[in-house]
Amino acid sequence: MLLYIHVPFCRGKCPYCSFSSQPLAPGREGREMSGYLAALLRELTLWGERLGRAGVETVFFGGGTPSLLPLEALAGILDRVRTVFALSSSAEMSLEANPESALAPGWLHGLRQTGVNRLSLGIQSLDDGELRILGRAHSAREAARACELAREGGITNLNLDFIWGLPGERSGQSQAKWLRQLKQAVALRPDHISAYGLALEEGAPLASACADGSLLLPGEREQASLYLAGAEFLESQGFMQYEISNFARMGFTCRHNLGYWEGRDFLGLGPSAVSTLGGARWTNPANPAAWRKAVNAGQAAPNPETLDPPTRSREMLMLRLRLQKGLRLREWNALTGRSFLRDFAPLILPLQQKGLAATRRGFFRLTRSGMLVSNTILAHFFDRLPKEGASTGK
Ligand code: SF4
């Protein structure tokens, strides 16, 4: 099982962010943090009992800004994980951090002592102008220093998060600017790079600035060239693309995230965390106070939804086609009782002819150009999926 722990706190709210996070209220940090910790430890114990000390292979602290957790608190959470679950001795234990955290004296050393063995730094950009637009607190120089310190501090599995397709005051991010940053990133010797296209949700301040013309986004063609050129460059530097937005050196794919895309069971704890276990899915209340109340009342798994066969086949398609290796045809055929290649032949052939997809060695996958338009391709597949009740799936 994969274990996800959501830490909802941030120093402030970045103007592009649509994650479930809340700025720590000044003067109330201690109270909010201790309320969160008490509820999280209780939630861990509840689930440990409920699942009978189930095996855990990966732990992922995401957020929010998990590096705002005091190190003693982090150590306490991981101690509880070890007590209530059977944590694998080779478990991957990841934590997302802002570069500022890694600059704090002693923090990286302390982090390693807790057992966290994979660090994911939210660099986002190595250009000070872009970082300002993103409302980030760190500079490009601080981001680079955080990476150096992580290496010096013995972090042997380091991911750097980037965002491409950023807006600018006179024009959107150019290919030259993006490639320059990737070159700098590679020189920092990470093991893994996540590069997400900027996705602005309505209501985000950055979305309004782009809508009213105060900031300019790259056009559609420029966006495509940023994605394709960036991926090509990373592969030329030894970072294998294994998912739409993720690149890793040999042996450094993120086991936790790969588990999601491969449809493994996961338990999510903390406000807004989603879980999928044994064919059921539920979402914790997003509001921290409502989540604490539910946990304190001993309520685990609020309103679970059983994943019916049409939902499971949609998700299988959506998640596996994110992966470079694609969808294993035998897995699909076993789930649905139908032949993928036969049912979707009218779609597959044109996609292959256009170089957007390929079928090889029992897998159907999207090519890099296909990944660029994956949402459109998926919509065509979904249109052809049998509607509820028509599937013969298990
Ligand atoms: S630090 Fe991350 S989670 Fe927090 S507001 Fe910024 S983008 Fe959102």
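This is a predicted model: local features need pLDDT of at least 70, side-chain atom pairs count only at pLDDT 80 or more; totals for chains, interfaces and linings use all residues.
1. For the overall build, you will find 17 helices and 17 strands in the protein. Taken along the principal axes, the C-alpha atoms fill a box of roughly 60 × 55 × 40 Å. The radius of gyration is 22 Å, which agrees with a compact globule, because a globule with 394 residues would have a value near 21 Å.

2. The contacts are worth a look too. Among contacts in the protein with a separation of 6 or more, 72% join residues 24 or more positions apart.

3. Next, the domains. The protein is divided into domain 1, covering 2-260, and domain 2, covering 309-384. Their C-alpha centres lie 29 Å apart. To the contact, domain 1 gives 8 residues and domain 2 gives 7 residues. On the side of domain 1 that touches domain 2, the elements giving two or more residues are α9 (220-236) and β9 (240-243). Of the elements on that side, α9 gives the most, with 4 residues. By class, this side of domain 1 has 6 nonpolar, 1 polar and 1 charged residues.

4. Finally, do visit the ligand. Around the ligand you will meet C10, K13, C14, C17, F19 and S21, together with G63, G64 and T65. Sorted by class, this shell has 4 nonpolar, 4 polar and 1 charged residues.

Key: Residues are numbered from 1 along each chain as its sequence is written. The radius of gyration is taken over C-alpha atoms; the globule rule is 2.2 Å times the number of residues to the power 0.38. Two residues are in contact if their C-beta atoms, placed from the backbone, lie within 7 Å. A residue is near a molecule or strand if its C-beta atom, placed from the backbone, lies within 6 Å of it. Ala, Val, Leu, Ile, Met, Phe, Trp, Tyr, Cys and Pro count as nonpolar, Asp, Glu, Lys and Arg as charged, and the others, Gly among them, as polar. Domain bounds come from an automatic or database domain assignment.
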